Amino acid sequence: MSATFDVTTEPWIPVRRSTGETAVLSLTDVLGQAHDLDEIADTSAMVEYGLYRLLTVFLMDALRPADDRALQQLRAAGRFDMDAIGNYISTCRAEGTTFDIFDTERPFLQSPPQAAWDGVRKPVGFIDYTIPTGGNHVHFDHRDAAETALSYAQAAQRLPAVQLFCTAAVQGYPSTINGAPPYYVLVRGINLFETLVLSLVSAQAVQPAKLDQPPVWWRTDGQIEPKAPVVQTSWLHGALFPARRLRLIPDDGLVREMYFAQGLNFDKVAQAWTDPHVAYGYDEKRGRYNWKPNGSKALWRNIGMLTMRDQLPQILRQLKSRPGASDYVRLQVYGVETNQASYLDSRRYDLELPEAIVGDPEAAQMAMDAVSLAEEVAALLVRTLRWRGRSDLDRPIADAARQQFYDNCENRFWQYLRRLAAEPDLPADAWFEEVNEAARQTLDLAIESMQLRGVDLMHLQKNARKLYAALGRIRRELAEQVIE
């Protein structure tokens, strides 16, 4: 008998219950129990967000909230209408849709067999982006993509992630509909049900884009022509845009190989699709751009993307327009830093932002000004520690100190935002005092670690006095601003 694995009935989605216990459930069980579950929980940030994304798209197609009022009513119900979801699954099946990842004609989230495009079989490990590839990776991670075998559940878990986090590669492989993977933002609710509802947008909100023309991927024939250009798509199709063509090959209870090739190539110049989970900025050089991870600039230093109203992800912007605001907005932010076809780092951030900061122009500007001040002082600190003018000797010391300074500032920054929301009359120099203390602590530790003597110590102390003078100047300028 051929292998089968129906995602609506087979357990494959890892969850954490409100008690802290973990479980693996089918898609319908996750939705039916969402009000009693805490969150999706996987060790891979990419797999975890991919599952959130799949459930979001599934719910959008099944429930089709017409407008913001419909979303509010959905949230007020406290749980999903499983009769409506059951009817949706039945409708899909009647159309010929299959939720079986091994169906021979329409495998779920994959492409049907096509000899001209399937080509050579590849190891299934290539859809697990957490497994590094290349000549030197064995020094750090001994897993090998070519030797990887996945259970049916593990293979299914990676199907959404492979489309959301793929990068442009050699031989013309396209990247995601968002280009290189951006930061994806979710608003966290009191349980999984609320998190999923807060991740939805209404049919009205996606306009002028179409909601379902073309329809969601599993309601099409699934055929993906390698590198076929696409200049416009619907919300439902774009949310899991097939940038990769693949088909899993079952092998005695495991998946060891697959067919894997280029997928559709979205024309990003057209900018015809907006991701509701992604923050967007604009400048004259790049035009509209989405917020991407950058290892040299920590998330908190891009706070404008989560506070400035014209940059907020759509799901965060629509939350601000609804009644019943709370003191804090809890966010889950998923980021994968890439360099061309290489994956450098992936992580999930759990943030708690004061409601008063998000979307308020004045408060958001104060938060960004706080970041600018920290960056100004960081530059002064680096200049201080490069006292010999020798990049080969000074740069490693200065770079390490800068990172230590930013790490020190980050903890202080989140506390500062809380104070900023709670104290409308917070003194203008309140953040400066935090930055000033962090800079002095960092400099003291750097000097102590170097154990300098004689002339070198004298030169460094001279530079330190210049840093203290510059900090004093900044304090005076802030005081003058208050007087004005």
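**Entry 1: the model**

I'm working from a predicted model, so only side-chain atom pairs at pLDDT 80 or more count for what I jot down on pairs.

**Entry 2: salt bridges overall**

I searched the whole structure for salt bridges and got 29. I picked a few to look at one by one.

**Entry 3: arginine 93 and aspartate 6**

I looked up this pair and found the two side chains in a salt bridge, 3.1 Å from N to O. Arginine 93 sits in helix 4 (residues 82-94), while aspartate 6 belongs to the segment before strand 1 (13-17). The two are 87 residues apart, so I noted this as a link between distant parts of the chain. Aspartate 6 has a relative accessible area of 17% and is buried; the cut-off for that is under 20%. Arginine 93 comes out as partly exposed, at 37%.

**Entry 4: arginine 64 and aspartate 61**

Here the side chains of arginine 64 and aspartate 61 form a salt bridge at 2.7 Å, N to O. Buried or exposed, I asked of aspartate 61? It is buried, with a relative accessible area of 2%.

**Entry 5: arginine 475 and glutamate 433**

I found a salt bridge between arginine 475 and glutamate 433, with the closest N and O atoms 3.2 Å apart. Arginine 475 is in helix 13 (residues 454-483) and glutamate 433 is in helix 12 (residues 430-450), so the bridge ties together parts that lie 42 residues apart in sequence. For accessibility I wrote down 32% for arginine 475, partly exposed. Glutamate 433 also has 32% and counts as partly exposed.

**Entry 6: a network**

Which residues did I find linked in a network of salt bridges? They are Arg16, Asp38, Glu39, Glu48, Arg188, Arg348 and Asp350.

**Entry 7: cavities**

I then searched the whole structure for cavities of 30 Å³ or more and got three.

**Entry 8: lining of the largest cavity**

I listed what lines the largest cavity. One stretch of names runs Arg106, Pro107, Phe108, Leu109 and Gln110. The lining also includes Thr98, Trp217, Trp218, Thr220, Asp221 and Gly222. I sorted the lining residues by type and got five nonpolar, four polar and two charged. Arg106 and Asp221 are in the lining, and Arg and Asp count as charged.

Note on methods. Residues are numbered from 1 along each chain as its sequence is written. This is a predicted model: local features need pLDDT of at least 70, side-chain atom pairs count only at pLDDT 80 or more; totals for chains, interfaces and linings use all residues. Side-chain values use heavy atoms; hydrogens and water are left out. A salt bridge is a side-chain nitrogen of Lys or Arg within 4 Å of a carboxyl oxygen of Asp or Glu. Helices (H or I, at least four residues) and strands (E, at least two) are DSSP runs, numbered from the N terminus. Buried means under 20% relative accessible area, exposed over 50%, partly exposed in between (1.4 Å probe, protein chains only). On a 1 Å grid over the protein atoms alone, a cavity is a set of points where a 1.4 Å probe fits but cannot get out, and a pocket is an open set with protein on both sides within 12 Å along at least five of seven lines; lining residues have an atom within 4 Å of a point. Grid points are joined across faces, edges and corners, and a volume is the space filled by probe spheres set on the points.
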